[in-house]
Amino acid sequence: MKLESAAPAAVVESIAAIGRFAAARGWVPATSGNFSCRIDGRSVAVTRSGVDKGNLGPEQVAALDLDGPIPAGMSAETPLHIERYRADASVGAVVHVHTVASTVLSRLHAPDGVLNLSGFEMHKALRGITTHETDVALPIFANAQDTVALAAEVEARLGRAPAVPGYLLAGHGLYAWGRTMDEARRHLEGIEFLLECTLEERRLHR
Ligand SMILES: [Zn+2]
């Protein structure tokens with residue numbers, strides 16, 4: 001059985017574009033982070049392990065069968081992408097970054113298992129939220145190197161209709177997703193903005 005094939009050019013370009021976007025902001029340092037995009041009902045394109053996310057091309061992106069084994073050369077975090085698509089047919093793109101704000105705040109709040117955000121106008125960047133008068137509860141999971149088990153834990157907690165299109169891995173970073181790559185990018189940028197504001201408030205001891 002063939003484990004992987006070339007991803008369509010348009011899908012590769014959408015992944016390359018979000019890679020450039022994240023790299024320009026310093027969100028994927030030292031080849032960290034990974035990005036994926038649904039190709040069809042059965043397959044997704046995912047960035048390979050250890051590549052510069054600011055300079056992605058066809059050689060750095062693999063097309064994987066959602067029901068097949070993960071081939072060599074893929075990121076250890078690939079199961080966290082694959083299981084999001086398997087759990088929710090509406091998920092069209094999954095994005096993951098290692099930002100300072102997500103790394104620091106997820107460590108601080110890891111014992112709570114959640115980071116509660118309230119009162120921000122930016123909440124409206126998240127699909128379905130229409131007012132700042134909404135409490136956003138961003139789940140936090142303990143980091144783990146067994147990402148198959150971690151992906152199962154994540155999906156069990158998120159359930160069928162996650163209230164927020166993202167979560168934190170403690171001391172690690174932020175995952176977000178959307179129906180399209182554009183929506184995933186909006187969710188990523190919105191959540192990261194909320195995290196940066198919250199971190200700034202902590203610095204001011206509020
Ligand atoms: Zn990571």
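User: Where does His 172 lie?

Analyst: Happy to start there, with a word on the model first. This is a predicted model, in which local features need pLDDT of at least 70 and side-chain atom pairs count only at pLDDT 80 or more, while totals for chains, interfaces and linings use all residues. Residues are numbered from 1 along each chain as its sequence is written, and side-chain values use heavy atoms, with hydrogens and water left out. Helices (H or I, at least four residues) and strands (E, at least two) are DSSP runs numbered from the N terminus, and on that numbering His 172 lies in the loop between strand 8 and strand 9.

User: Which protein donors does the zinc ion have?

Analyst: Donors are N, O and S atoms within 2.8 Å of the metal (3.2 Å for Na, K and Ca); water is not among the atoms, so sites may look incomplete. The donor residues follow the spacing E-x18-H-x1-H-x73-H in sequence. At 2.0 to 2.2 Å from the zinc ion, the protein donors are Glu 77 (OE), His 96 (NE2), His 98 (NE2) and His 172 (NE2).

User: Is the site of the zinc ion tetrahedral or irregular?

Analyst: Four donors count as tetrahedral if all angles lie between 85 and 135 degrees; four count as square planar and six as octahedral if opposite donors are over 155 degrees apart and all others between 65 and 115; anything else is irregular. Here the angles among the four donor atoms are 96 to 142 degrees, and the site is irregular.

User: Is His 98 buried or partly exposed?

Analyst: Buried means under 20% relative accessible area, exposed over 50%, and partly exposed in between (1.4 Å probe, protein chains only). His 96 is buried at 0%, and His 172 is buried at 12%. For His 98 the relative accessible area is 23%, so His 98 is partly exposed.

User: Which side chains make a polar contact with the side chain of His 172?

Analyst: A polar contact is a pair of N or O atoms within 3.5 Å; within protein, one must be able to donate a hydrogen and the other to accept it, and residues adjacent in sequence count only if both atoms are side-chain atoms. Another, at 2.8 Å, links His 172 to the side chain of Asn 143.

User: How many bridges join strand 8 to strand 9?

Analyst: Two strands pair if DSSP finds at least two bridges between them. Strand 8 (residues 166-169) and strand 9 run antiparallel, with Leu 169 bridged to Gly 173. Three residues sit between the strands of this hairpin, where Gly 171 takes a positive phi near 65 degrees. The number of bridges joining strand 8 to strand 9 is four.

User: Which residue in strand 9 is the bridge partner of Ala 93?

Analyst: Strand 9 (residues 173-178) is mostly covered, with six of its six residues buried. Strand 5 (residues 93-97) pairs with strand 9 in the antiparallel sense over five bridges. The bridge partner of Ala 93 is Gly 178.

User: Which side chain makes a polar contact with the side chain of Glu 183?

Analyst: Glu 183 is found in helix 5 (residues 181-203) and is buried, with a relative accessible area of 5%. At 2.7 Å, the polar contact of its side chain is with the side chain of Arg 179.

User: How many disulfides does the structure hold?

Analyst: A disulfide is a pair of cysteine sulfur atoms within 2.5 Å. Cys 37 is buried at 10%, whereas Cys 197 is partly exposed at 22%. The number of disulfides in the structure is zero.
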